[in-house]
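Here is a short tour of one protein model, written for someone who likes to check each point on screen. Please keep the viewer open as you read.

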Amino acid sequence: MAAVLGGEQHYAEAYGAAGGTLGTSMGALAGLIFCIAIFLFYRKTFKKDIASERTAGTGQVESYRSIIKVLILTILPILVSTTLYNLVSIVDQGLFKNLAIHQGNAADTVSLWWGVYSGYYKVLINVPIAISTAIATSSVPAVAAAFARKNRPEVKRKIGLAMRFVMVVAFPCAVGIGVLATPIINMLFHTTTDLAGSLLRWGAISVIFYSISTLSNAILQGIDRMRIPIRNAVIALAVNCVSLPISIYVFHIGIYAMIVGNIVFSLVMCILNSFSVKRYSGYSPNIRKTYVKPAIAAVIMGVIVGVVYLLIHMALHSNTIATIIAIVVGVISYAVILLLTGGLTETDLQSFPRGAFIIKISKKLHLLR
């Protein structure tokens, strides 16, 4: 690979690319080994539970064929929905490159644009989305259990709590990435390219839309509406495919068409999924507590973060130190503002990881009402 790139001076880049590719496989392998270890550790407990299990009424044991059929029918919609999400990037790449070259841009320029978009913007924007995905995954069992019991108020309560939790994370991430876009790029990748920072700044808002759509996908799957996210994803992908040529040919915005496409896809998914969740579960969000208060706290945090970064950078002339301090100050200030404005209550915090500890600290600091 280094030889293809032009000589031994490119060995570092070649090994870096190899390490990045290998890292994904190693991460998946480590997860598999961990799951196997947990299974083996609890194997005796599982056997005891199976031995004590009694089938309801009939005394019949389900066949492996029926169990596998149910598993496949459950997995397939989730798999197709996830595949469609990943397919967006492939479709976007093919569409954008062909449309941009057809418009008259040089192939090298288009490849450079795509490299900055996929290597900087997509990598960083996926970090907060991954957090939302984890929250969404963890919320499904509770929603599904309440739905199975036909406890509609509990279903709505669980959905509301999960949505608020996701928004508490998504809003500060979007604002923080938008405010510190270029400093973060420079700190992590040691580059001064203005394009990467600009893409990240303008595309940060998609974090919020992707977070909502990811959670609502999981909720719809949890309430046994597994085909709905697939339908919505197809519609969103179609709208995205229409927005790309319009952005390129009508507005002539180059690689920023990809940012528009990302926002359009995630927004359409967000809207369609939200309507579907309301229709099938009856859940309507508390706009003030779910969106407005986290948004206000995030905006105030963004101002504080921007000022802190500028002051530290002027004093120390170090982008890395200024960025890290600004992020730490941002996390603390956001938490304080959110608690003081009632964006999170003691009841909410009890459902959060380490909620009891957070409540204890918050009360000592007089942050909880």
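## Overall make-up

Of the 369 residues in this predicted model, 40% are buried. The protein holds 15 helices and zero strands.

Helix α10 covers residues 227–250.

Several residues of α10 are buried, among them Ile228, Pro229, Ala233, Leu237, Leu244 and Ile248. The buried set also includes Asn232, Asn240, Ser243 and Ser247. Which helices do the buried residues of α10 pack against? They pack against α4 (64–102), α9 (206–222) and α11 (256–281). Just after α10, His252 takes a positive phi of about 50 degrees.

## Positive phi in two loops

Lys150 has a phi near 60 degrees, a positive value in a residue other than glycine. Lys150 sits in the loop between α5 (107–148) and α6 (152–179). With a relative accessible area of 75%, Lys150 passes the 50% cut-off and therefore counts as exposed.

His317 also has a positive phi without being glycine, with a value near 55 degrees. The loop that holds His317 runs between α12 (287–316) and α13 (319–340). Is His317 buried or exposed? Its relative accessible area is 65%, so His317 is exposed.

## Aromatic pairs

The structure holds nine aromatic pairs. One of them joins Tyr42 and Phe46, with 6.3 Å from centre to centre and 35 degrees between the planes, and this pair is tilted. Tyr42 is partly exposed at 39% relative accessible area, and Phe46 is partly exposed as well, at 36%.

Tyr117 and Tyr121 form a stacked pair, because their ring centres are 5.4 Å apart and their planes meet at 20 degrees, under the 30 degrees that stacking requires. Both tyrosines lie in helix α5, four residues apart, which is about one turn of the helix. An α-helix has 3.6 residues a turn, so residues three or four places apart point the same way. Tyr117 and Tyr121 are both buried. Ring pairs also link these two tyrosines with Phe96, Trp113 and Trp114 into a cluster.

## The largest pocket

The largest pocket holds about 890 Å³ of space. It is lined by 33 residues, and the closest to its centre are Pro172, Cys173, Gly330, Val331 and Tyr334. Which elements each supply at least two residues of this lining? They are α5, α6, α12, α13 and α15 (355–364).

Helix α13 gives the largest share of the lining, nine residues. By residue type, the lining of the largest pocket divides into 30 nonpolar, three polar and no charged residues.

## The second largest pocket

The second largest pocket has a volume of about 590 Å³. Its lining has 24 residues, and Thr82, Tyr85, Thr133, Thr214 and Asn217 are the closest to its centre. Helices α4, α5, α9 and α11 give two or more residues each to the lining of the second largest pocket.

How do the residues of this second lining divide by type? There are eleven nonpolar, eleven polar and two charged residues in the lining of the second largest pocket.

## A buried aspartate

Asp348 has its place in helix α14, residues 346–350. Its relative accessible area is 8%, under the 20% cut-off, so Asp348 is buried. Leaving aside residues up to four places away in sequence, Asp348 touches Leu161, Arg164, Lys289 and Gly343. Ala335 is 13 residues from Asp348 along the chain, and the C-alpha atoms of the two are separated by 14 Å.

Key:
Residues numbered from 1 in each chain as written. Predicted model: local features only at pLDDT ≥ 70, side-chain atom pairs only at ≥ 80, totals over all residues. Heavy atoms only, no water. Buried < 20%, exposed > 50% of the residue type's maximum accessible area, 1.4 Å probe, protein only. Phe/Tyr/Trp six-rings, centres within 6.5 Å; stacked < 30°, edge-to-face > 60°. Expected span 1.5 Å × (residues − 1). Contact = heavy atoms within 4.5 Å. 1 Å grid on protein atoms, 1.4 Å probe; cavity = no way out; pocket = protein on both sides within 12 Å on 5 of 7 lines; lining within 4 Å. Points joined across faces, edges and corners; volume = space filled by probe spheres on them. Nonpolar A, V, L, I, M, F, W, Y, C, P; charged D, E, K, R; others polar.
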